[in-house]
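Subject: Structure handover

Hello,

Here is the structure to go with the sequence. My notes on what was found in it follow below.

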Amino acid sequence: MDLGIAGRTALVGGASKGLGYGCAEALVREGVNVVIMARGAEALDAAARQLQAVAATAPGKPFVKHAAADITTPEGRAAAFALHADFDIVVTNAGGPPPGDFRDWDREAWIKALDANMLTPIELIKATVDGMAARGFGRIVNITSSSVKAPIDILGLSNGARSGLTGFVAGVARTGLAAKGVTLNNLLPGAFDTDRLKGTLVGAAKKTGQDIDAIRASRQKTIPAGRFGTAAEFGAICAFLCSMHAGYITGQNLLADGGAYPGTY
């Protein structure tokens with residue numbers, strides 16, 4: 001299915017690997033120009049080369065630009081907008097804050113979590129939605145977490161910051177932007193086969209003394225799909241939300257977790 005977004009330009013955060021890269025790749029395959037951001041220069045350079053190879057066979061041969069910068073800072077955001085001024089699509093993505101006991105988190109830990117997982121997406125939304133509305137098309141997709149729907153006790157920093165962003169988006173998405181062709185949605189990943197998940201499994205293996213393969217198999221059994229998700233399929237979902245066909249979807253929290261969250265029907 002043609003998503004109707006070839007020639008558009010997207011900003012994708014945290015795109016050097018994992019889910020962010022999956023989203024960037026899916027957009028490039030649809031002919032979308034992309035500006036990708038991440039803090040690690042080496043990994044980002046490698047990701048850019050891979051995406052440029054994809055772009056060479058994509059509709060319109062879109063461009064791929066990149067900047068190694070921390071998008072949670074004003075300087076990092078300035079670096080992104082220096083590469084391209086007017087974005088049609090913005091995919092916000094930042095690594096989740098560390099787990100722990102809320103008794104151990106001071107104000108600095110909370111501010112850092114809020115900056116990365118709530119305030120930065122808000123700043124990017126504020127910087128782009130009016131231009132999108134003026135041009136008659138815009139898509140904001142925030143990669144958050146399944147913990148927004150099913151909070152995890154040791155991820156209080158993430159639960160709090162991402163839930164704040166969720167509430168903000170629910171309000172802004174209903175301020176008339178949709179009538180001007182601009183949608184805002186959150187994409188909530190469950191267990192996807194990324195470096196972050198692998199790190200979690202390694203940590204669990206060290207803590208329990210169990211074999212990591214056994215822990216992986218046990219975790220997969222808790223998911224009705226019987227497996228972890230892939231970055232490519234997550235990217236495909238993201239690309240659809242960014243498409244011309246998703247103009248009637250806004251202010252939503254789309255959960256991609258293989259059926260793990262019980263929810264309601």
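Helices and strands in these notes are DSSP runs, numbered from the N terminus, with helices being H or I over at least four residues and strands being E over at least two. This is a predicted model, in which local features need pLDDT of at least 70 and side-chain atom pairs count only at pLDDT 80 or more, while totals for chains, interfaces and linings use all residues. Residues are numbered from 1 along each chain as its sequence is written, and side-chain values use heavy atoms, with hydrogens and water left out.

Lys112 is in helix α4 (residues 107–135). Lys112 has a relative accessible area of 65%, so it counts as exposed; the classes are buried under 20%, exposed over 50% and partly exposed in between, computed with a 1.4 Å probe on protein chains only. From Lys112 to Ala79 there are 33 residues in sequence and 20 Å in space, C-alpha to C-alpha.

The loop between α2 (41–55) and β3 (64–68) holds Lys61. Lys61 is not a glycine, yet its phi is positive, at about 45°. As background, most residues other than glycine have a negative phi. Lys61 is exposed, because its relative accessible area is 61%.

Pro59 is in the loop between α2 and β3. Its relative accessibility is 44%, so Pro59 is partly exposed. Pro59 is in contact (heavy atoms within 4.5 Å) with Arg29, Glu30 and Gly31, leaving aside neighbours within four places in sequence. Pro59 and Arg135 are 76 residues apart along the chain, and their C-alpha atoms are separated by 22 Å.

The sheet

Seven strands form an open sheet in the order β3-β2-β1-β4-β5-β6-β7, with parallel pairing; two strands pair if DSSP finds at least two bridges between them. β3 and β7 (253–256) are at the edges with a single partner strand each, so one side of each has no neighbour in the sheet. On average, neighbouring strands of this sheet are turned by 15° against each other, direction ignored.

β1 and β2 are parallel and share four bridges, with Leu11 opposite Val35 in β2. β1 also pairs with β4 in the parallel sense, over three bridges, and there Val12 has Val91 of β4 as its bridge partner. β4 and β5 run parallel and are joined by four bridges; Thr92 is opposite Asn142 in β5.

Helix α5 (residues 156–172) packs on the sheet and touches β5, β6 (182–189) and β7. The direction of α5 makes about 155° with that of β6, where axes are lines fitted to C-alpha atoms, for helices over the stretch in contact, and angles run from 0 to 180 degrees between N-to-C directions.

In β1, Thr9 and Leu11 point one way, Ala10 and Val12 point the other way, and all are buried. In a regular strand the side chains alternate between the two faces of the sheet.

β1, α1 and β2 form a right-handed β-α-β unit, meaning that, with the strands pointing away from the viewer, the path from the first strand over the helix to the second runs clockwise.

The nonpolar cores

A nonpolar core is a set of buried Ala, Val, Leu, Ile, Met, Phe, Trp, Tyr and Cys residues joined through side-chain atoms within 4.5 Å. The largest has 36 residues, and Leu27, Ile36, Ile89 and Val91 have the most contacts inside it. Two or more residues each come from β1 (9–12), α1 (18–29), β2 (33–38), α2, β4 (89–92), β5 (138–143) and α8 (231–241). Of these, α1 gives the most, with seven residues. Another core lies apart from it and has 24 residues, including Val35, Ile122, Val129 and Val169.

Leaving aside neighbours within four places in sequence, Ile36 is in contact with residues including Val12, Ala24, Leu44, Leu51 and Ala67.

Glu25 is in helix α1. Glu25 is buried, because its relative accessible area is 18%. Not counting residues up to four places away in sequence, Glu25 touches Leu51 and Val54.

Regards
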